[in-house]
Amino acid sequence: MTDRPVSSELLRRPRRLRGTPAMRSLVAETHLHPSDFILPMFVAEGIDEPRPISSMPSVVQHTLDSLVEAVHEAVSVGIRCVDLFGVPLEEHKDAVGSGAWDRRGILNEAIAKLRREFGNDVLIMADTCLDEFTDHGHCGVLSTDRHGAVIVDNDATLTAYARMAIAQAEAGAHIISPSGMMDGQVRVIRQALDEQGFSDVAIMAYSAKYASAFYGPFREAVGSSLQGDRRTYQQDPANFRESLLEVELDVAEGADFVMVKPAMPYLDVLREVAQRSPVPVAAYQVSGEYAMLHAAAQNGWLDLEAVMMESLTSIKRAGAQQILTYFAVDAAKVITSS
Ligand code: PBG
């Protein structure tokens with residue numbers, strides 16, 4: 001007996017395919033590309049200089065001008081799609097969020113400006129949701145039920161979403177992205193767009209969107225007025241099955257893309273949706289996912305570039321074809337320089 005097995009006893013040696021960078025690259029099943037990424041961006045009304053967001057290092061609220069510059073930078077590293085969120089002045093918020101469909105509302109101004117500047121070279125996606133525009137911060141309009149309790153009124157909200165989507169399409173958005181988790185939102189938006197001659201405008205549906213504490217930093221990013229939570233419309237993190245129902249409904253209602261959000265804590269959901277969906281599946285690496293990697297890196301606990309690339313790879317490996325991420329530009333730079 002020798003104390004080492006002779007090699008012929010080990011037919012399978014998986015390490016053979018890990019031996020060199022060239023071999024690892026040859027067998028890699030997942031490759032990230034800058035065009036996988038969608039860059040979420042914030043544009044604020046009434047500021048002269050970009051405003052930092054303390055819980056999201058390197059992310060800012062843009063002015064209209066700095067937004068254009070930042071999109072040029074994104075394009076220069078291969079990003080082909082940006083997702084815009086508007087931050088109106090406090091005094092322009094109201095109970096129904098009418099700034100959302102005002103042609104001169106900050107989000108619609110920003111869409112129009114980018115469309116004039118970039119034409120079809122960059123896909124302009126717009127967040128189609130009222131929470132940035134309502135003075136109570138909910139994603140829909142409020143009313144009272146038959147027993148006098150305050151509720152987020154699903155069907156009244158749908159009418160507002162249809163108006164918002166049309167205003168965004170008129171301003172030049174290529175992709176409408178309803179994120180409010182109202183039942184029937186995709187159907188109502190699709191119908192409204194088609195009636196107004198925007199049958200070419202696509203819908204990326206936030207289909208499986210959870211009521212997640214990982215959205216914390218985003219609330220600072222958009223100056224959210226929300227008190228309370230969104231648990232009557234966003235999904236319970238405990239549940240899996242209803243994600244499949246939400247995706248099925250959105251596909252049936254005409255969604256061109258479906259999305260799972262957040263990403264890393266919901267990779268199981270993403271995986272299953274990716275296997276079942278007949279349309280492209282996106283995932284949103286949300287503000288809290290971004291913030292926690294940065295925070296650990298600032299403490300010297302994690303290597304930021306390494307965990308950025310690993311987290312994005314894991315999201316793509318789980319099945320996302322598009323990844324919304326605040327790391328988009330940084331990751332694209334890493335990819336193009338390697
Ligand atoms: C709603 C919206 C939210 C995010 C994207 N769209 C916030 C929410 O649902 O409370 C969160 C994104 C993030 O955390 O990065 N308009």
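# A tour of the ligand site and the pockets

Select S287 and the ligand: an N or O atom in the S287 side chain is 2.7 Å from an oxygen atom of the ligand. On its own, the ligand would expose 400 Å². The protein buries 100% of that area. Keep in mind that this is a predicted model.

**Stop 1: the ligand's contacts.** Now select K209. An N or O atom of the K209 side chain lies 2.7 Å from an oxygen atom of the ligand. Move on to D127. Here a polar side-chain atom is 2.9 Å from a nitrogen atom of the ligand.

**Stop 2: the shell.** Which residues are closest to the ligand? Select K209, R219, R230, K261 and Y326. They belong to a group of 17 residues that surround the ligand. Colour that shell by class. You get seven nonpolar, three polar and seven charged residues.

Stop 3: The largest cavity holds about 140 Å³ of space. Its lining has 19 residues. Select D131, K209, Y215, F218 and K261, the lining residues closest to the centre of the cavity. Next, highlight β9 (202-209) and α6 (216-221). Each supplies at least two residues of the cavity lining. By class, this lining divides into nine nonpolar, three polar and seven charged residues.

**Stop 4: the largest pocket.** Select L39, S58, V59, Y326 and V329. These lie nearest the centre of the largest pocket, which is lined by 16 residues. The volume of this pocket is about 310 Å³. Now show β1 (37-44), β3 (60-62), α2 (64-76) and α11 (328-337). Each gives the pocket lining at least two residues. Which element gives the largest share? It is β1, with four residues. The lining has 11 nonpolar, two polar and three charged residues.

**Stop 5: the second largest pocket.** Select A28, T30, H31, L32, E305, M309, T313, V334, I335 and S338. Together they line the second largest pocket. About 250 Å³ of space lies there. Highlight α10 (304-318) and α11, each of which supplies at least two lining residues. The largest share, three residues, comes from α10. By class, the lining has five nonpolar, four polar and one charged residues.

Methods: Residues are numbered from 1 along each chain as its sequence is written. This is a predicted model: local features need pLDDT of at least 70, side-chain atom pairs count only at pLDDT 80 or more; totals for chains, interfaces and linings use all residues. Side-chain values use heavy atoms; hydrogens and water are left out. A residue is near a molecule or strand if one of its heavy atoms lies within 4 Å of it. A polar contact is a pair of N or O atoms within 3.5 Å; within protein, one must be able to donate a hydrogen and the other to accept it, and residues adjacent in sequence count only if both atoms are side-chain atoms. Accessible areas come from the Shrake-Rupley method with a 1.4 Å probe; for residues, only the protein chains shown count as cover. Ala, Val, Leu, Ile, Met, Phe, Trp, Tyr, Cys and Pro count as nonpolar, Asp, Glu, Lys and Arg as charged, and the others, Gly among them, as polar. On a 1 Å grid over the protein atoms alone, a cavity is a set of points where a 1.4 Å probe fits but cannot get out, and a pocket is an open set with protein on both sides within 12 Å along at least five of seven lines; lining residues have an atom within 4 Å of a point. Grid points are joined across faces, edges and corners, and a volume is the space filled by probe spheres set on the points.
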